[in-house]
Structures are given as structure tokens and as C-alpha cells.
Amino acid sequence: MRLAPQPSARPLRLMVLFLLATGVTASPLLSSGCPDRCVCDDQLVVQCAGQHLTTFPVNLPLATRQLIISNNRIVELPALALNYLSDLVYLDCSNNSLTEISESTFGNLRKLAYLDLSFNTLSRIEDRTFGPLASLVMLRMTDNPRLSEIHQDAFAENAALQVLDVSRNNLTVLNITSLIALPSLRSVGLSGNPWSCECENEDLCLWVHLEDEGQTVCGSPADMQGRRLGEVGIQLRSLCHQTLGSWDYLFFVVIGFVIFAAGTVSAWLMGVVMVLYERYIKKKDEQLDADEEDEGGEMGRPSRARSHHEMSN
């Protein structure tokens, strides 16, 4: 997907090489050695591709500007070792066995312009994974068959990002909030994912403008499989934000009347109950008063009888 006229891959690589040659002056070469099975040159390039490595190479020159560790079986990028390479501009980790990238992995790589994580087994990208990469221009993260989730703020701090490729993963949903805000973004690769063309993905479908011969298509639901995301965007807008029809308004009127009637009847019943209760209390009080008067009269009659008897004697 292209957001603007896209530069070809060659100029972008030339730009990265230009950064290598003209960027900030390299730190002094603190290590004169070179990792086993790697080739180091005087241009601060370390080439370790295709050496069947299972761990990240050690004893890297600290002034390394370009590190290529592709086509190995590396399972982890150790944050401590990697962050010593503060002058690193180009990092190719493609075709390895990486399963996770922690928030601290790239913590000190503020000059990194090119990063390739393609052909690995990543499953999730957290919100702070790429946060420290303030100079990142190109990010390739294709062909990770387990990658099904990218945090909505994963690219929020990559203001220099121009090219993002997440093709051929297992993504179904992508929140584009942070992507829209990137001022330099020119190209986004989305093809080859089983995108969900439902309301949760409405913004993505409306945002894309496809020029990839229909490769970015819906994976679900069944009635939209194979259709371009850009084609279903307007349809989703109407489906997900339907206006109310006459029957809907009639339903609300009926419901309102029922609620009003129920409230009125409830209030009337409460009033009747209160009146009956007050009458009951009043009647009970009157009965108690009458009983007290009767008891007082019965107690007075014996007293009068005794007084009359005494007077007779």
C-alpha cells in the first residue's frame, strides 16, 4: 500500500549507506577483534550471515555501524550486548528463530535507521518495542507466521519512519491510530495477512489505498473473503453506522409509552398501598384507644361499689 509516491528500494538502501558514511562520527573502535565466523571490515561493517549461529555473536566491535546476522538460527537478541552498539545504523536479523523482542532490546540504538526482522517466529509486538528508535526510517517485519498482534502504540514514537512492511504475517486487525500520526510515512505493506473485514477493522479498510493488484484482501467473514480492503471500507461504514428506520422509531415510541405507563401504574399502586396502610394504622390506633377506655371503666366500677357499701354502714 502506498501513501505517497514511494521511493524504490535502491535509493532507500543508498540513503542508509549514506547515513553510514556521513552520520555522527563513529566511536573509537574499542575492540580490535571480530566475532568467530564473522567478517569485519574497515567500514565498520560486521557480516555474520549464513554461519549457522544459534546465539548472538560476541566480541563485536563497539563502533560497528552495520551488523548483518541474517540466515542463522539465533533465538534471542540480548539487550545488554546489543545496546553497547550505540553507533549502529543498519541491523539485519532476517531469517532467524526470534520469538520475542523485549522492550529493552533496542533501548540504546537511537541512530538505527534500518531494521529487518523478517522470516522469524515473532508472535506479538508490544507498545514500547520500537520506542527508542528515533531515527528508524525502514522497518521490515514480514513473513512471521505467528505474528497476530501489534500494539496500537507500537510505532507512536517513530516519527522518522518512512517504510513499514508487515506483509505475510497472521494479522487480522491493525489499529492505525499511531500510523496516521506519523509525518514521514510513505509506504505500508499489508498484503498476505488474513485481514478481518468487520467493524473492528473499519478504520483500516477506509484508510488504505491499494496499488498492489489486489493482494491485500479480506480473510473473513466468509462473504467478504478475497475482496480488497479498500473496496469494503465504504460498505463497512454503512453497515457499522446504520441510520434508524421508521420501524426503529416506532419501536422506541412504543417502548417509551410502555415505560411511561409502567411508571404511572407503579406510582398509582404505591399511592394506594400507602393510603391503605395509613387507614390501617389509624384504625388500629382507634381500637387501642377504645380498649384502654374499656379497661379504665371496668376498674372504676368496683371502686364505686365499695364507696356505696361504706356509706350504708
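These are my notebook entries on what I looked up in this predicted model.

**Ground rules.** I number residues from 1 along each chain as its sequence is written, and I use heavy atoms for side-chain values, leaving out hydrogens and water. Since the model is predicted, I take local features only at pLDDT of at least 70 and side-chain atom pairs only at pLDDT 80 or more, while totals for chains, interfaces and linings use all residues.

**Whole chain.** I began with the secondary structure and found six helices and 12 strands in the protein chain; these are DSSP runs numbered from the N terminus, with helices being H or I of at least four residues and strands E of at least two. Of the 313 residues, 35% count as buried, where buried means under 20% relative accessible area, exposed over 50% and partly exposed in between, with a 1.4 Å probe and protein chains only. I then looked at contacts, meaning heavy atoms within 4.5 Å: among those with a separation of 6 or more, 53% are between residues 24 or more positions apart. The accessible surface comes to about 18,300 Å², and 56% of this belongs to carbon and sulfur atoms; the areas come from the Shrake-Rupley method with a 1.4 Å probe, and for residues only the protein chains shown count as cover.

**Asp116.** I located Asp116 in strand β5, which covers residues 114-116, and I noted that Asp116 counts as buried because its relative accessibility is 4%. Not counting residues up to four places away in sequence, Asp116 touches Leu91, Asp92, Cys93, Ser94 and Arg140.

**Salt bridges.** I counted six salt bridges, taking as one a side-chain nitrogen of Lys or Arg within 4 Å of a carboxyl oxygen of Asp or Glu. Arg124 pairs with Glu126, with the closest N and O atoms 2.6 Å apart, and Glu149 also forms a salt bridge with Arg124, where the closest N and O atoms are 2.2 Å apart. The pair of Glu149 in strand β8 (residues 149-150) and Arg124 in strand β6 (residues 124-125) links distant parts of the chain, 25 residues apart. Glu149 is partly exposed at 38% relative accessibility.

I next looked up Arg168 and Asp143, whose side chains meet in a salt bridge at 2.9 Å, N to O. Arg168 lies in the loop between β9 (163-165) and α3 (177-180) and Asp143 in the loop between β7 (138-140) and β8, so this pair ties together parts 25 residues apart in sequence. Arg168 is partly exposed at 40% relative accessibility, whereas Asp143 counts as buried at 15%. Returning to the shared partners, I noted that salt bridges join Arg124, Glu126 and Glu149 into one network.

**Ser135.** I found Ser135 in the loop between β6 and β7, and Ser135 is partly exposed because its relative accessible area is 30%. Leaving aside neighbours within four places in sequence, Ser135 is in contact with Arg110, Lys111, Leu112, Ala113 and Ala160. I also checked Leu109, which is 26 residues from Ser135 along the chain, and the C-alpha atoms of the two are separated by 8.8 Å.

**Asp289.** My last entry concerns Asp289, which lies in helix α6 (residues 246-312) and is partly exposed, with a relative accessible area of 43%.
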